[in-house]
Each structure stands twice: as C-alpha cells, then as structure tokens.
Amino acid sequence: MDLPNHNPPRIYMDNAATTALSPAVLEAMLPYLSGTFGNASSIHAEGRAAHEGLEQARREVAAVLGCRAREVVFTSGGTESDNLALKGVAMRYRSEHERGGHIITSQVEHHAVLHSAEYLSGFGFDVSYLPVDCDGLIDPAAVEQAIRPDTVLVSIMLANNEIGTIEPVAEIATITKAHGIPLHSDAVQAGGILPLSVDELGVDLLSLSAHKFYGPKGVGILYIRSGTSLLYQQQGGAQETRRRAGTENVAGVVGLATALKLADGKRAVEAPRLAALRDRLIATLLAAVPHSTLNGHPTRRLPGNANFCIAGIEAETLLLRLDLLGIAASSASACQSGAVEPSHVLRAIGVLDKLAVGSLRLSLGANNTDADVDYLLDKLPAVVARLRTL
Ligand code: PLP
C-alpha cells in the first residue's frame, strides 16, 4: 500500500555554508577519479594526462581572474589559502628582518584570517583589527591611518560570510599600492557571483574555495601576483612550483575550474535574479515578523545574502523548527558548551548580544526559486510567534 508522503519539501537556504555540487562539475571530475588517475608529477602517459588536466584548470581559473596561469596556486580550500597568504607574507618579512612586523585586517574577517593573525601575534607580529560601521563597511581612510613603516600586509575580505556586506577592496588597493604594501582579500564568499578581476580589484593575493560556487569541497586557490614574496608554508615535494607541496587533487582542481567557469558565465543573469529574490525576501520578512531587523548593508551586499536579528528568540531553536518544516538555514550565533555565543561580526556592527543570539542567515543560491521564498515567508512568522510564547 502506498502511504501518503507527509515529509515537507526540502528548501536549502544555506548556500553561504556550502553549495550542492553541480552535475556538470561532477561530470567534468569523473574521468580524473577513474581512467585519468595518474600522478600529475609522473613522467609517463598517465601522469602527463593528469598534468594536462591540472594545467588546463589553472588556465581556466586564470581566465576568470584575468591573471597569468602561473599566479594561481591550488590549495585545500579557503582556510589554507588564507593561512598561506597571511603566514606566507608575514614569515617572509620576519625571515628578512629577524623581527615581527605589522598586519592590518578587520574585525569582521573569517576565522581563517583572524586566527592566522592571532597565531602571528605569538611570533611578535602586531595586528590592527579595524572596526566597521553599523552596516559592516570598512572605511578605506582608516586603512590609510593604520599604516605604519613596518606594515607588511593588509588583509580585507571582499564580502562578508555572515552579513554579506561587500567591502571597498578596490579603494583600499589604491592606498596599499601607494604605500607598497601587499593586499590580500578573502574572496571566498564572492566566488562565482561577484566580478573577480584581480587587476580591477587591485589585490596581490586572493583566496577562493570551490565548494562555495557549486564545486567540490576541499579545494581552493590562492592567487599570488608575480613579485609578491612569500615564505611557503608546506614542505615536501616540488608541486605547484614549490609553493605548495603535496600530490595535487587533480579531480578537485578540475572541478574547481569547471565550477568557476560555469558560475562566472552565468553571473550576469544569476546575480540580478538572486538579488531580486533576496530583496523580496528581506522586505516581506521585515514587514511580516515584528521586531526583526536586517544585518549588513542594505544594498552593498552579496546577491544571495539575507541576515536578520529576530528579537525574543534563540537562533538554535528557530533553526531546528525551520529544519522540521524542511528549511535549511543558519545563524551567526554558535552554541558553545550550552551557552549561545553571539558572532564577532554582529558584535562588530554594534548588535547587542541579547539580539545577536536571535540571528538568522538565509543564503540563496542557484537552487532557490520564488516558490522557496514564498514557502519560507508563509511559515516563518508563525514559527517566530510560537517561539516567543515559550
Ligand atoms: N573565508 C570565508 C569568508 C568563508 O566564508 C569560508 C568558509 O565558510 C572560508 C574562508 C573557509 O573556506 P573553506 O571552507 O574552503 O576552508
């Protein structure tokens, strides 16, 4: 007997956490997981075939970034790229000057940058964590004011992973360039949806991660502008022209390049489609849920990012209720040993802790439609009202 299906449809609105692998990307990867299995460093036909896949991927990534293929280093993801950018530049300076130097970053960076900076503090580096305004924007003038004679690196993200604010990286680049200081940008959230021309952005180092744009997990890139000096952090074989030792993840790299090329090709259509969905979601939610507020810049934000504080609720409970209704969403607040810890980003934009514990991030992607937004908007107000009575 056929039983009625009471399961709600699954609606995935957590594309900032990760995205679903695109079928076209999987197809491009499959040969490198089976027939073309060689080690890209081997001299024989199997190795040469893998090597060609790797180098073709490097050329495809370079075409999107508008850089030279040799300026692209493949890594294990955004975290490694950020670590390599910060530690690589800082440690090169230290090896030359036998002392720490000064690093400028912001209070709203991803932990891959913040914790790398903290680590470097332990080696004598001084770190300035620039504040942001209430929309999460960094003031380029504050970057200029923070520069010191011993500043070795500025690292400012292109788009924030929690609140979606897009930072004025190109404006900051004109300042760092005038002072001869390398500029790194964590562009992990911008991959595939914002323009990534490294010359227009003016960056010297840029991090990307494939799983944020419908590619596989565990593979990323660090763009390194020619002439930028780094002390490479991983010792072993001579892969990636001695910049990142370890047998290359050829299938992953092919997946990354295919995903980036596909996403970049659709960007002109997909970014406005997502922005329209996002704007409708934001306007309707703010009207339908009393005491809700938007976090992040109202217009300078990632096309798929909507982030709110909802007064009088705890995010964890809300996320569990939404999950039961088939909606996958997330929060900037993390439950650490029983207590809900508000995010450093919400604190930096001045959100009070009692509000920040009720944050909700809805990140839209290629999978989302108007019907998904309608479903969410239909369910959310009642869920919030119910939670507020508890
Ligand atoms: N930087 C930002 C802004 C991110 O959003 C993330 C992942 O969420 C990372 C870095 C880390 O990337 P990965 O998951 O590839 O290590």
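Predicted model: local features only at pLDDT ≥ 70, side-chain atom pairs only at ≥ 80, totals over all residues.
Local features were considered only at pLDDT of at least 70 and side-chain atom pairs only at pLDDT 80 or more, whereas totals for chains, interfaces and linings use all residues. Residues are numbered from 1 along each chain as its sequence is written, and side-chain values use heavy atoms, with hydrogens and water left out.

A polar side-chain atom of Ser209 lies 2.6 Å from an oxygen atom of the ligand. For Gln189, a polar side-chain atom lies 2.8 Å from a ligand oxygen atom, while in Gly78 a backbone N or O atom is 2.8 Å from an oxygen atom of the ligand.

Gly78 also brings the reader to helix α3, which spans residues 78–97. Helices are DSSP runs of H or I with at least four residues, numbered from the N terminus. Helix α3 packs against α4 (residues 111–121) at an angle of about 30 degrees, with the axes 9 Å apart. Axes are lines fitted to C-alpha atoms over the stretch in contact, and angles run from 0 to 180 degrees between N-to-C directions. The two helices are therefore roughly parallel, a label for angles under 35 degrees. In α3, Thr79, Asp82, Asn83, Leu86, Lys87, Ala90 and Met91 meet residues of α4 that include Ala112, Val113 and Tyr119, where contact means heavy atoms within 4.5 Å. This contact divides into 8 nonpolar, 3 polar and 2 charged residues; Ala, Val, Leu, Ile, Met, Phe, Trp, Tyr, Cys and Pro count as nonpolar, Asp, Glu, Lys and Arg as charged, and the others, Gly among them, as polar.

Helix α9 (residues 250–288) packs with α13 at about 15 degrees, with axes 10 Å apart. That makes α9 roughly parallel to α13. Among the residues making the contact are Leu277, Arg280 and Leu281 of α9 and Asp370, Val373 and Leu380 of α13. By class, 9 are nonpolar, 1 is polar and 3 are charged.

Helix α10 (residues 315–324) meets α13 (residues 370–389) at an angle of about 135 degrees, their axes 11 Å apart. Thr317, Leu318, Arg321 and Leu322 of α10 touch Leu380, Val383, Val384, Arg386 and Leu387 of α13. This contact has 6 nonpolar, 1 polar and 2 charged residues.

Note on methods. Polar contact = N/O pair within 3.5 Å; in protein donor to acceptor, adjacent residues only side chain to side chain. Parallel < 35°, antiparallel > 145°, perpendicular 65-115°, else oblique.
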